[in-house]
Amino acid sequence: MAELLFEIGCEEMPARFVAPGIEQMAALGAEMLVREGLCASPDAAQVKAFGAPRRLALWARNLATIQPDRQEQVLGPPKANAYDQNGEPTKAALGFAKSQGVELTSLTFIDTDKGPRLGYVKTIAGRPAMAVLPELLVKLVESLHFAKSMRWGSEKFRFARPIHWFVALFDGQVVPLEITGVKSGDQTRGHRFMAPQAIQVRGGEDYLAKLRQAHVLVDRPERIEATRQQVAQAAAQAGGRLLADEALLLENADLVEQPTACWGSFDKQFLEVPREVVITAMREHQRYHSLEDDQGRLLPAFIAVNNTTPRDLAVVANGHQRVLRARLADARFFLDEDRKRPLADYLGDLQNVTYHAKLGSSFDKVQRVIDLAVWLAQRLAPELVEPTRRAAQLAKCDLVTGMVGEFPSLQGVIGAEYARRDGEDPQVATAIAEHYQPVGADAPLPKGMIGALVGLADRIDTICGLFGVGEAPTGAADPYALRRAAIAVLRLLMEKNLTISLSQTLAQALAGLAGRLSAADQTVADEVTKFFAARLAGLMAEAGAPTDVAQAVLAAGLDDPGAAMARAKALAAVKDSPDFAPLAAGMKRVMNILKKEAAQVPSHAPDPALMTIEAERQLRQAVLAVADEAQALFASGDYAQFLRRLSELKGPIDAFFDGVLVMDNDQAVRQNRLALLESVARLFRGLAEFTYLQL
């Protein structure tokens with residue numbers, strides 16, 4: 001068995017490219033090696049991938065030196081066209097044999113999905129690995145994708161950054177290949193500054209060891225652990241507690257080839273700047289870690305991760321301190337300038353900010369959000385109407401402050417801080433920050449009701465407005481993140497147990513957009529409702545509801561998303577139970593009949609005087625017996641007990657279909673039986689459209 005080592009050497013890639021690049025190298029490399037028959041499985045080949053800012057590498061062992069022979073069916077004409085009535089071969093059969101260079105007698109009939117065909121099994125000899133690998137490795141490089149790629153020189157080929165070298169070795173021998181004028185060899189490169197010379201390698205173990213000696217930790221887990229230890233050691237030296245930030249630690253690990261951490265300090269006066277600003281200035285601009293004391297107070301200190309090991313860390317720390325001092329001075333300047341005016345004074349400045357060319361300014365949007373948030377508060381939390389109004393009024397004011405202009409990720413956080421300094425109601429200040437939550441599919445929700453109400457109003461206005469001017473998502477493109485906004489709306493309604501009519505809410509939002517949309521309100525409402533339904537179906541699937549259950553529940557209505565989710569969970573819990581399947585089958589039959597005969601279904605209740613068969617009288621009595629309690633259970637949201645109560649109709653429904661002909665020749669009797677089935681369907685219809693269920 002043999003091993004393969006393949007390295008792509010390039011200019012420094014952004015940190016966010018390294019981990020995805022490693023994952024792709026491992027997955028694509030293993031897939032290609034298995035497909036070409038050089039290994040039975042990725043596990044058997046012990047495929048590993050490595051990566052650092054200047055390289056991505058693949059190491060596979062236990063590979064075959066030659067592909068196994070494989071057999072392939074070669075099919076010719078159908079049996080009916082291969083021989084004539086006398087059993088003589090036709091021109092089609094003779095031509096096929098000749099084209100394949102085989103004797104007619106060596107052909108046989110092979111069964112296919114379309115019937116027997118003339119053919120034979122061809123043995124294809126395996127090729128040596130050294131003949132297969134050049135094409136495979138070129139294809140691997142071409143298959144790697146990044147968030148952004150670039151071309152260089154006159155090349156049309158695209159990669160994360162310009163490629164400078166390839167290492168391609170199969171059992172110590174160079175695999176010849178060339179891309180963009182760069183030929184493969186057996187020489188890698190060490191650290192750009194501490195060991196820039198070429199390094200000859202013989203294989204995977206040699207590669208890892210020599211790079212480690214050349215100050216390159218190419219194994220990402222090893223580099224991450226080294227970064228973690230360096231940062232922890234620097235924090236101990238600084239006398240503080242590291243502010244946990246795993247994402248920053250991973251980013252630093254992917255910015256360097258060998259980490260060396262140092263700590264530095266800054267003037268305590270900068271701690272007068274809001275804590276979040278100091279942390280963000282260090283994190284986003286400099287990739288510095290923050291420190292706090294045992295009481296959780298921010299310390300005037302930081303930790304920087306360097307890509308070199310200097311002779312004197314103090315000199316490097318001083319350099320970092322000078323850079324950070326300028327950053328924090330800028331932040332202090334923006335704070336001082338912003339605080340010359342109260343936050344509320346910035347509301348008027350939003351008139352000069354275009355929200356969308358067809359939807360007006362950011363000031364216009366704020367006015368719509370105020371109206372919609374107040375409307376929601378009146379229905380969901382009447383005691384919070386005024387603080388909700390104030391929070392909606394102030395929620396976007398920080399967008400035109402100097403601080404948010406410098407630190408866009410702090411929108412909401414800055415508004416909340418400024419509101420607190422202005423003496424605003426604490427729950428209003430908190431809501432300014434919380435109305436942006438959740439920021440992701442699994443992110444935390446606002447803790448307070450005011451933030452939830454303003455967040456709902458903000459997102460619903462955004463969705464309705466953009467749909468109304470033709471900016472709905474298309475395919476994978478969603479430039480305004482409307483899918484994320486819709487999921488946030490649904491999570492807020494469901495997880496905070498907010499019961500409100502979605503259709504009425506959309507109508508209220510569209511009323512606020514009057515005169516700005518290019519489509520009719522009802523058209524927009526229908527499109528937005530379908531959009532929410534698709535997102536809700538996804539959330540139902542995540543909650544364990546099968547696709548047919550989600551479809552059945554949504555077909556029955558999603559005006560109350562929380563109730564729709566509860567219905568889906570209840571139905572999914574009983575769908576496959578032995579007792580429920582017969583009831584569901586009966587209900588599907590009821591609804592299919594009613595759908596087919598919709599024109600004949602009367603609006604009045606069934607008349608017992610027209611019931612001539614005992615089974616239909618018993619079904620009517622069973623419906624009357626459970627109707628009131630079932631409706632009360634449904635109204636209370638106890639869908640599990642609701643289903644258990646309705647399960648009592650299983651026997652009467654089965655008996656009805658066994659003994660009663662619905663489509664009787666007597667029109668009055670026929671319509672009365674349809675009315676009886678409608679009374680049954682009416683009980684179930686609010687839960688789900690049973691015709692969608694796969695039983």
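This report describes helix packing, nonpolar cores and selected backbone features of one predicted model.

The model is predicted, so local features are reported only at pLDDT of at least 70 and side-chain atom pairs only at pLDDT 80 or more, while totals for chains, interfaces and linings use all residues. Residues are numbered from 1 along each chain as its sequence is written, and side-chain values use heavy atoms, with hydrogens and water left out.

## Helix packing

Two packed helices are described by the angle between their axes and the distance between the axes. Helices (H or I, at least four residues) and strands (E, at least two) are DSSP runs numbered from the N terminus. Axes are lines fitted to C-alpha atoms, for helices over the stretch in contact, and angles run from 0 to 180 degrees between N-to-C directions.

| Helix pair | Crossing angle | Axis distance |
|---|---|---|
| α16 and α19 | roughly 125 degrees | within 10 Å |
| α12 and α16 | about 55 degrees | 9 Å |
| α19 and α21 | about 40 degrees | 10 Å |

Angles under 35 degrees count as roughly parallel, over 145 as roughly antiparallel, 65 to 115 as roughly perpendicular and the rest as oblique. Helix α16 (residues 449-468) and helix α19 (residues 521-542) are therefore oblique to each other. Their crossing is right-handed; a crossing has this hand if the near helix is turned clockwise from the far one by less than a right angle, and is left-handed if anticlockwise. On the α16 side, Ile463, Cys464, Phe467 and Gly468 meet Val524, Glu527, Val528, Phe531 and Phe532 of α19, where contact means heavy atoms within 4.5 Å. This contact has seven nonpolar, one polar and one charged residues. In these classes, Ala, Val, Leu, Ile, Met, Phe, Trp, Tyr, Cys and Pro count as nonpolar, Asp, Glu, Lys and Arg as charged, and the others, Gly among them, as polar.

Helix α16 also packs with helix α12 (residues 385-394), and the angle makes α12 oblique to α16. The crossing of α12 and α16 is right-handed. Here Pro387, Thr388, Ala391 and Ala392 of α12 meet Ile450, Leu453 and Val454 of α16. The contact of α12 with α16 comprises six nonpolar residues, one polar and no charged.

Helix α19 packs in turn with helix α21 (residues 561-574). These helices, α19 and α21, are likewise oblique to each other, and their crossing is right-handed. Leu536, Leu539 and Met540 of α19 meet Pro561, Ala564, Met565 and Ala568 of α21. The contact of α19 with α21 has seven nonpolar, no polar and no charged residues.

## Nonpolar cores

In soluble globular proteins, nonpolar side chains tend to be buried together. A nonpolar core is a set of buried Ala, Val, Leu, Ile, Met, Phe, Trp, Tyr and Cys residues joined through side-chain atoms within 4.5 Å. Buried means under 20% relative accessible area, exposed over 50% and partly exposed in between (1.4 Å probe, protein chains only).

The largest nonpolar core has 143 residues, of which Phe532, Met540, Phe684 and Phe690 touch the most other members. Helix α16 gives the largest share of this core, 11 residues. Apart from this core lies another, of 43 residues, among them Met25, Ala30, Ala129 and Ile163. With neighbours within four places in sequence left aside, Phe684 is in contact with Leu583, Met587, Met591, Leu646, Leu649 and Phe690.

## Backbone features and individual residues

Most residues other than glycine have a negative phi, and most peptide bonds are trans. A cis peptide bond, with omega about 0 degrees, joins Gln437 and Pro438. Pro438 is placed in the loop between α15 (426-434) and α16.

Asn62, in strand β3 (residues 55-63), has a positive phi near 60 degrees and is partly exposed, with a relative accessible area of 32%. His215 has a positive phi near 65 degrees. The loop between α6 (204-213) and α7 (220-238) holds His215, which is partly exposed at a relative accessible area of 26%.

Gln213, found in helix α6, is exposed, with a relative accessible area of 63%. Gln213 and Gly190 are 23 residues apart in sequence and 8.4 Å apart in space, C-alpha to C-alpha.

Leu243 is placed in the loop between β13 (241-242) and α8 (246-253). Leaving aside neighbours within four places in sequence, Leu243 is in contact with Arg275, Ile279, Ser290 and Glu292. From C-alpha to C-alpha, Leu243 and Ala609 are 79 Å apart in space, and they are 366 residues apart in sequence.
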